[in-house]
Amino acid sequence: MSESIKNQFVNSIFNNPLFNYEGKKIPKHLGNLPFPPELFLGREDDMIQVHRKLFGSENILLLVNGEGGIGKTTFASKYYHRYAEEYSHMAWIFAEKGLSEALLVLARPLQVSFTETMGTDARLEKLFKEMAGLDKPCLLVVDNANCLIDLKKNFPALRSCPNFHVLLTTRITELSNASFHPLGALGREDARELFCKHYTVHESQEDILLDQLLKAIGYNTLVIELLAKNLGQFNNKLKKRYPLYQMLTDLTEKGLFGIPSQPVVTGYQVRNLNMRTETPEAIIGAMYDIGELQREEQTILSLLSVLPAERIGYVVLEEILSEMKELDTLLLALSTKGWLDFNQENSDFRISPVIQEAIRWKREDILWDDCQHLIRILNHKLNYETDSGHLINIDYGEAILWVNYSEFAGNTLLPWFNKHQPRDEGLAWLFDGLGYFYRTYGDLHKALLNFQTSGMLFKKLKISFPKNVAFQNGLINSYERLGETYNMLGNLEKALMYFELYNKLEQENSSSHPQNIFFIHSLAISYSKLGNIHTSLGNVPKALKYYEHYNKLEKKLYGTYPQNEIFKNSLAISYSKLGDTISSMGNIKKALTYFEEHSQIAEELYSSNPQNVAFKHGLAISYERLGTTQRSLGNLEKALEYYERQNNFEQELSIKHPQNLSFKNGLAISYSKLGDTQSSLGNIKKALKYFEEHSHIAEELYSSNPQNVTFKQTLAISYERLGNTHRSLGSMEKALGYFEQYNNLEQEFNSSYPHSISFKKELAISYSKLGDTQLSLGNIHKALEYFEEDSKISKDMHNSDPQNVEFKNGLIISYSKLGDTQLSLGNPEKALGYFEKSSSGAKELYKSNPQNAAFKSGLAITYERLGTTLSTLGDLKKALWYFKERLILGKELFNYDPKNVESKTNLAISYQLLGKFYEKDLKNTEKAKDYYIQAKSLLAELNVAFPAIVEFKTRVNWIEDALKRIE
């Protein structure tokens with residue numbers, strides 16, 4: 001032992017001394033001690049070589065690799081114990097489930113604490129800093145590091161501690177820049193000796209049989225030990241109940257290891273945390289007899305057979321097996337009999353994967369009954385709030401453990417369910433809980449897989465038991481989940497399919513039970529979901545039809561049960577949906593009446609129960625809707641008033657419920673709305689302050705919970721708003737910086753979730769923003785690069801779903817941007833090509849959705865660009881046609897809603913464009929004067945109504961100068 005190690009030795013504990021680091025007492029052994037191997041044969045040369053390799057470098061990461069069951073763990077354990085005196089600190093961790101989670105186990109002995117919301121990467125960074133401060137040399141043994149991706153990801157971090165030797169046991173044979181030490185199979189003589197050490201009643205006259213057996217199992221160290229111990233359970237010096245020849249006969253006749261085409265090693269190769277089924281079943285049939293175990297002991301083994309084959313603490317087992325009496329005695333008995341490994345120091349147990357297979361095979365008929373209590377416990381752990389999706393009974397840190405158990409148990413029991421199909425939906429709800437967990441924390445593809453499995457199980461149950469209402473409702477639930485998840489992934493057609501199935505089953509329920517008010521309410525919600533998806537698809541009239549069904553049913557329920565707050569709240573939401581839809585169709589005034597209905601009910605709910613957080617939040621949302629509508633009507637001061645009310649409520653909710661991150665996110669959004677309104681009022685500096693508040697909260701949310709995709713996206717949007725505002729202030733370099741941050745986050749999203757259409761869409765927008773800014777800075781070629789990236793992504797999205805109106809609209813806008821850039825580069829012919837594509841797409845959108853005011857306005861803008869470009873190219877006749885078509889569309893929008901600010905502005909611009917064209921190109925001053933006067937009249941009205949909006953005054957001044965020129 002080095003002097004530094006001796007000097008730090010204080011308050012020693014016999015087996016695990018403590019070392020003093022500026023007041024911190026850190027144990028020598030950081031966590032679980034590996035069991036010292038009972039036997040160690042045939043590896044002495046390997047041991048010397050590994051020791052030499054590790055001490056021959058300042059710091060080295062050495063991978064001891066070989067086949068599964070070849071003895072890597074035994075070898076590493078022997079090294080750990082043999083050379084313990086040469087290391088100041090030592091740690092042994094099990095990494096089969098992931099290196100990151102395994103490493104974080106060291107936090108407790110190293111006395112490293114984390115905030116509850118700190119992400120895994122931040123925790124690891126803090127942990128490695130603490131490890132780097134320990135006296136060298138230290139040893140870290142990572143057992144079963146078999147995931148190549150995991151190893152690649154953590155490889156640099158593992159090498160970052162110069163005071164640690166890192167030894168990993170793995171089946172991996174290649175890893176860039178890694179040092180390997182391969183372990184081969186034991187030789188025949190060593191394999192014989194190992195078997196005989198474990199099976200002490202072996203007789204030499206059976207050596208030929210033993211050689212045949214060893215050859216049949218490929219000299220696999222683990223299987224040798226298991227076979228020998230198994231024989232020892234049945235045979236003693238007086239009687240042999242299961243002789244060696246019988247084992248060999250069984251193995252040969254049942255095809256265990258005697259099949260030449262299947263190597264023995266496949267019997268212990270883990271695949272996706274499950275044993276390969278062809279070889280373990282043969283092992284259990286030949287080796288294990290559970291008949292001598294007590295019924296309770298068999299039940300314990302059944303439960304452990306569907307949990308991961310890793311160390312599980314006694315405290316956790318007490319919770320899982322809470323119904324089991326004298327659990328401690330039973331577990332220790334199983335350990336004594338060799339069915340479980342027990343670590344006395346940490347009071348944890350581990351079952352072998354081979355034994356797991358044996359138990360599942362032997363107790364197949366009653367495995368489901370054995371595991372019912374476990375499934376109930378796991379479902380309780382994964383219980384979540386339906387609104388937020390957050391877990392109720394455990395925090396995120398605990399969730400990692402229980403999700404791990406739930407996934408393993410679910411996937412292990414799934415084949416049993418498919419084969420036997422019990423009349424129980426517990427497993428289906430377990431997959432539903434897993435789906436909700438992954439959806440909440442951002443892994444939508446894992447969420448989808450779990451929801452699909454849940455749906456498949458409920459569907460099987462419903463087919464087998466068609467009159468069982470619980471199974472029907474479970475299937476309805478799964479269709480809703482699948483629809484929502486596909487919607488989040490951007491696959492709107494699949495989302496629509498599942499929402500239609502959801503609605504169909506709800507109609508069946510409602511028809512079968514017309515007096516059941518909750519079935520009626522559920523049917524109403526299904527109509528709401530259909531309205532949402534048709535809104536996303538751009539089918540506004542269809543969406544409106546479904547929202548009207550939703551509203552009608554909720555009106556009926558509320559009229560019959562006016563005291564029922566659930567129905568009343570849902571009625572309020574239905575008015576909000578109607579308002580959103582009517583607003584998108586351009587009828588802002590009618591939309592306002594719906595939003596006022598929404599707000600009135602929300603105020604009543606809040607007044608009757610001001611402590612109800614959901615009602616308070618619902619009222620805040622109603623103010624947001626009213627603010628947005630007043631803004632569309634040009635009543636910016638009224639809009640500001642509503643947004644301020646929204647902001648006040650969101651502040652109160654955030655202060656009273658600081659742990660509720662969704663309220664904090666709502667507060668961030670309210671600041672964004674205030675910023676948007678101040679920007680429209682021309683108060684750019686005030687807007688900037690609000691956007692800075694928005695960004696500050698978004699950064700807090702993201703820092704505290706980096707796994708949450710919603711918060712990361714809120715942060716990205718805050719950068720976009722800041723970029724827009726600095727552009728308006730003329731600070732182009734600052735704007736560029738924010739747009740680059742926006743783009744970086746969106747690239748990360750796209751990389752992490754390459755199948756997510758919503759992230760692709762935001763990435764395209766971020767490129768467009770960068771292009772706009774570079775164009776303003778005069779970097780036209782750089783702008784073109786960004787616009788081409790935008791167009792490329794937009795084209796991919798459109799090609800993936802040509803019927804999706806949002807994707808089509810995105811592509812139309814991208815062509816417009818490319819056309820603008822080519823005009824700036826002096827290439828009007830190229831610009832014309834892009835504008836023609838843009839206009840063609842806009843015309844398709846308009847024809848398919850003639851009631852959509854936004855599409856009509858978009859088509860008008862493409863006509864403006866075509867007219868301007870054709871004018872530059874000298875084709876004045878065509879240019880005039882496009883300018884006049886733009887005017888026709890402008891008049892249609894204006895006549896539909898004469899008081900709508902956007903419509904009035906659009907029409908004024910149409911007149912202004914024609915005036916300018918007649919004056920400059922056609923030299924017809926009389927016609928020009930007529931159009932200018934009409935434009936001025938509309939703009940003057942707007943300028944009086946909204947004096948703070950600079951654009952109106954600027955346009956009036958420009959037209960007045962033009963009229964003076966003409967006169």
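A salt bridge is a side-chain nitrogen of Lys or Arg within 4 Å of a carboxyl oxygen of Asp or Glu. The model is predicted, so local features need pLDDT of at least 70 and side-chain atom pairs count only at pLDDT 80 or more, while totals for chains, interfaces and linings use all residues. Residues are numbered from 1 along each chain as its sequence is written, and side-chain values use heavy atoms, with hydrogens and water left out.

**Exercise 1.** State how many salt bridges the structure holds, and examine the pair K769 and E720.

Solution. 
Step 1. The count of salt bridges is 38.
Step 2. In the bridge between K769 and E720, the closest N and O atoms are 3.3 Å apart.
Step 3. Helices (H or I, at least four residues) and strands (E, at least two) are DSSP runs, numbered from the N terminus. K769 belongs to helix α33 (residues 757–776) and E720 to helix α31 (residues 709–728), so the bridge ties together parts that are 49 residues apart in sequence.
Step 4. Relative accessible area is classed as buried (under 20%), exposed (over 50%) or partly exposed (in between), with a 1.4 Å probe and protein chains only. K769 and E720 are both buried.

**Exercise 2.** Locate the salt bridges of R865 with D820 and of K936 with E960, and classify the accessibility of R865, D820, K936 and E960.

Solution. 
Step 1. R865 and D820 meet at an N to O distance of 2.9 Å. R865 is in helix α37 (residues 853–873) and D820 in helix α35 (residues 805–824), so named parts of the chain 45 residues apart are linked.
Step 2. R865 counts as partly exposed at 25% relative accessibility, and D820 is partly exposed at 22%.
Step 3. For K936 and E960 the N to O distance is 3.7 Å. This pair links helix α40 (residues 925–945), which holds K936, to helix α41 (residues 950–966), which holds E960, across 24 residues.
Step 4. K936 is partly exposed with a relative accessible area of 29%, and E960 is partly exposed with 29%.

**Exercise 3.** Describe the hairpin of β2 and β3.

Solution. 
Step 1. Strand β2 (residues 18–21) and strand β3 (residues 24–27) run antiparallel and are joined by four bridges.
Step 2. Y21 stands opposite K24 in β3.
Step 3. Two residues lie between the strands, and E22 takes a positive phi near 50°.

**Exercise 4.** At what angle do helices α2 and α3 pack?

Solution. 
Step 1. Axes are lines fitted to C-alpha atoms, for helices over the stretch in contact, and angles run from 0 to 180 degrees between N-to-C directions.
Step 2. Helix α2 (residues 44–55) packs against helix α3 (residues 72–82) at about 60°, and their axes are 11 Å apart.
Step 3. Contact (heavy atoms within 4.5 Å) involves residues including M47 and L54 of α2 and F75 and Y79 of α3.

How values were computed
Two strands pair if DSSP finds at least two bridges between them.
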